[in-house]
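Dear colleague,

Please find below the structure that I am handing over to you.

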Amino acid sequence: MTPGASPDLDLLRSVATSVRRSIVTTIHHAGAGHIGGPLSATDLLCVLYFHELRIDPANPSWPDRDRFIFSKGHSSIALYATLAERGYIPRAELLTFDQLDSRLQGHPDMRETPGVDMSTGSLGQGLSPGLGMALAAKLTKKDYRTYVMIGDGESQEGQIWEASMVAARYRVDNLVAILDWNGLQQYGWAEAGKQPEERMNPLEDPAGKWRAFGWHVIELDGHDLRAIVAALDEARSITGRPTMLIAHTVKGKGVSFMEGDYLWHAKPITDEELALALAELQV
């Protein structure tokens with residue numbers, strides 16, 4: 001699709017459901033892997049790859065492509081499933097996930113997997129190369145844009161804030177960061193009797209913090225496809241500073257018994273659970 005064009009919401013919904021089905025099926029087949037975070041990031045990834053990004057799956061190294069860095073690399077299955085939907089890799093290859101000699105390792109490897117612009121997984125280290133790519137575009141007078149998705153857990157890493165400070169200093173308005181703010185890290189940060197959005201999180205008021213660092217900040221529902229498109233459109237209109245999209249999401253989104261439960265951060269899926277999940281995820 002063309003950035004700025006009217007979104008095909010039916011297509012995006014269908015793709016998001018298909019990606020979620022691939023996520024749960026692949027994790028079940030692998031017998032291990034992260035699942036809650038991949039499901040919370042799915043709608044964001046689908047809008048990026050099927051509406052926003054200027055890319056060519058037939059030419060993954062196209063010099064003028066937009067760049068995307070999936071900094072929360074432990075959620076790699078969400079990226080792989082989206083790349084498969086977009087035509088970068090065969091869908092059948094997803095069943096090799098996290099196996100020896102597979103191109104689809106637990107953390108994305110830019111040397112092995114088509115469509116991966118940066119190897120990630122060491123939390124907090126994805127925004128810095130994204131900043132470098134955005135600066136490179138400015139210095140070489142290229143018009144490609146760079147997008148980086150980070151998790152709420154890794155936003156506690158100091159390197160995120162060092163990169164944020166430098167990005168604002170150099171006014172890289174071709175850089176968009178997306179915070180997958182599902183409010184539940186690996187060990188939950190849960191407080192009895194409170195809804196997920198009310199629970200304690202070590203990083204409070206992310207919008208205020210990124211504004212203080214000089215970024216343009218947009219808060220949105222990270223599962224509202226129309227809102228995601230609108231936020232990305234707004235980001236394109238901003239000049240003189242980078243943009244942060246704070247996407248409020250639900251861990252395990254799309255599978256009722258996983259939603260809002262930190263125990264599904266990384267957990268094997270039984271045969272019965274897979275059947276229940278796929279029954280809910282109808283294309």
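Of the 283 residues in the protein, 54% are buried. Please bear in mind that the model is a predicted one.

Regarding overall dimensions, the C-alpha trace spans about 55 × 45 × 35 Å along its principal axes. The radius of gyration is 18 Å, which agrees with the value near 19 Å for a compact globule, because that is what a chain of 283 residues would have in such a form. The protein exposes about 12,000 Å², and carbon and sulfur atoms supply 50% of this area. Among contacts with a separation of 6 or more, 75% are between residues 24 or more positions apart.

The secondary structure consists of 8 helices and 5 strands. Starting at the N terminus, the order of the elements is α-α-β-α-α-β-α-β-α-β-α-β-α.

Helix α2, residues 36-52, packs with helix α3, residues 76-86, at an angle of about 35°, and their axes lie 9 Å apart. The crossing of these two helices, α2 and α3, is right-handed. On the α2 side, Pro38, Leu45, Tyr49 and Phe50 make the contact. The α3 side contributes Ile77, Ala78, Leu79, Thr82, Leu83, Glu85 and Arg86. Classified by type, the residues in this contact of α2 with α3 comprise 8 nonpolar, 1 polar and 2 charged.

Yours sincerely

Notes. Residues are numbered from 1 along each chain as its sequence is written. This is a predicted model: local features need pLDDT of at least 70, side-chain atom pairs count only at pLDDT 80 or more; totals for chains, interfaces and linings use all residues. Side-chain values use heavy atoms; hydrogens and water are left out. Axes are lines fitted to C-alpha atoms, for helices over the stretch in contact, and angles run from 0 to 180 degrees between N-to-C directions. Helices (H or I, at least four residues) and strands (E, at least two) are DSSP runs, numbered from the N terminus. A crossing is left-handed if the near helix is turned anticlockwise from the far one by less than a right angle, and right-handed if clockwise. Contact means heavy atoms within 4.5 Å. Ala, Val, Leu, Ile, Met, Phe, Trp, Tyr, Cys and Pro count as nonpolar, Asp, Glu, Lys and Arg as charged, and the others, Gly among them, as polar. The radius of gyration is taken over C-alpha atoms; the globule rule is 2.2 Å times the number of residues to the power 0.38. Buried means under 20% relative accessible area, exposed over 50%, partly exposed in between (1.4 Å probe, protein chains only). Accessible areas come from the Shrake-Rupley method with a 1.4 Å probe; for residues, only the protein chains shown count as cover.
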